[in-house]
Amino acid sequence: MRIWVDADACPVVIKEILYRVAARTQISLTLVANKMLRVPPSPWIKALQVPGGFDVADQRIAQEVHAGDLVITADVPLAAQVIAKGATVIDPRGELLTEANIAERLAMRNFMDTLRGSGVETGGPLAFSNADRQAFANRIDRLLAKRR
């Protein structure tokens, strides 16, 4: 199992949780971004910089991921791709995305995209909170405990 992070928009506090998880569990953690990332020195943690461009990091993760891997992303189309390959997906707020709920999430994303494209002001996501951080930490701990 490897952990892949769609790191361009991943909150810093989530990356810090993942650094500790990788060190504690000795699971390979790869952060993929189109900008240079500073990561702690560790044999378990690496940053992979991809060229700039629309969804380049997402495409790299989708290409590299294998069944049984864990992907951290808020990108719903990427989540759908990697779920189809047998990976597990958690968003940075701790929500588990699965075959059972990804179609609904894709439909909602596409609907909101259509609204924004027609000029409707939809607002953005809520600010990232301590409760979100805790939900993520709890979810990843539960997932990793199941895999032992």
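1. N-terminal cap of α5. Ser129 caps the N-terminal end of helix α5, with a side-chain oxygen 3.3 Å from the backbone nitrogen of Ala131. A polar contact here is a pair of N or O atoms within 3.5 Å; within protein, one must be able to donate a hydrogen and the other to accept it, and residues adjacent in sequence count only if both atoms are side-chain atoms.

2. Basis of the values. This is a predicted model, in which local features need pLDDT of at least 70 and side-chain atom pairs count only at pLDDT 80 or more, while totals for chains, interfaces and linings use all residues. Residues are numbered from 1 along each chain as its sequence is written, and side-chain values use heavy atoms, with hydrogens and water left out.

3. Span of α5. Helices (H or I, at least four residues) and strands (E, at least two) are DSSP runs, numbered from the N terminus. Helix α5 covers residues 130–147, 18 residues in total, and its first and last C-alpha atoms are 26 Å apart, close to the 26 Å expected at 1.5 Å a residue. The expected span is 1.5 Å times one less than the number of residues.

4. Faces of α5. Asp132, Phe136, Ala137, Ile140, Leu143 and Leu144 are the buried residues of α5. Viewed down the axis of α5, these buried residues fall within an arc of 135°, so they line one face of the helix; the arc is that of the directions from the helix axis to the C-beta atoms. Buried means under 20% relative accessible area, exposed over 50%, and partly exposed in between (1.4 Å probe, protein chains only). Asn130, Ala131 and Lys146 are exposed on the other side of α5. The buried residues of α5 pack against α1, β4 (70–72), β5 and β6.

5. Asp91. The loop between β5 (88–90) and β6 (96–97) holds Asp91, which is buried at a relative accessible area of 8%. Apart from its neighbours within four places in sequence, Asp91 is in contact (heavy atoms within 4.5 Å) with Thr73, Ala74, Arg105 and Phe136. Phe136 is also one of the buried residues of α5.

6. Arg20. Arg20 sits in helix α1 (residues 12–25) and is exposed, with a relative accessible area of 52%. Its C-alpha atom is 10.0 Å from that of Ile45, 25 residues apart along the chain.

7. Positive phi values. Gln26, in the loop between α1 and β2 (28–33), has a positive phi of about 55° although it is not a glycine. Asp55, also not a glycine, has a positive phi of about 60°. Asp55 lies in the loop between β3 (45–49) and α2 (56–64) and counts as partly exposed, at 29% relative accessibility.
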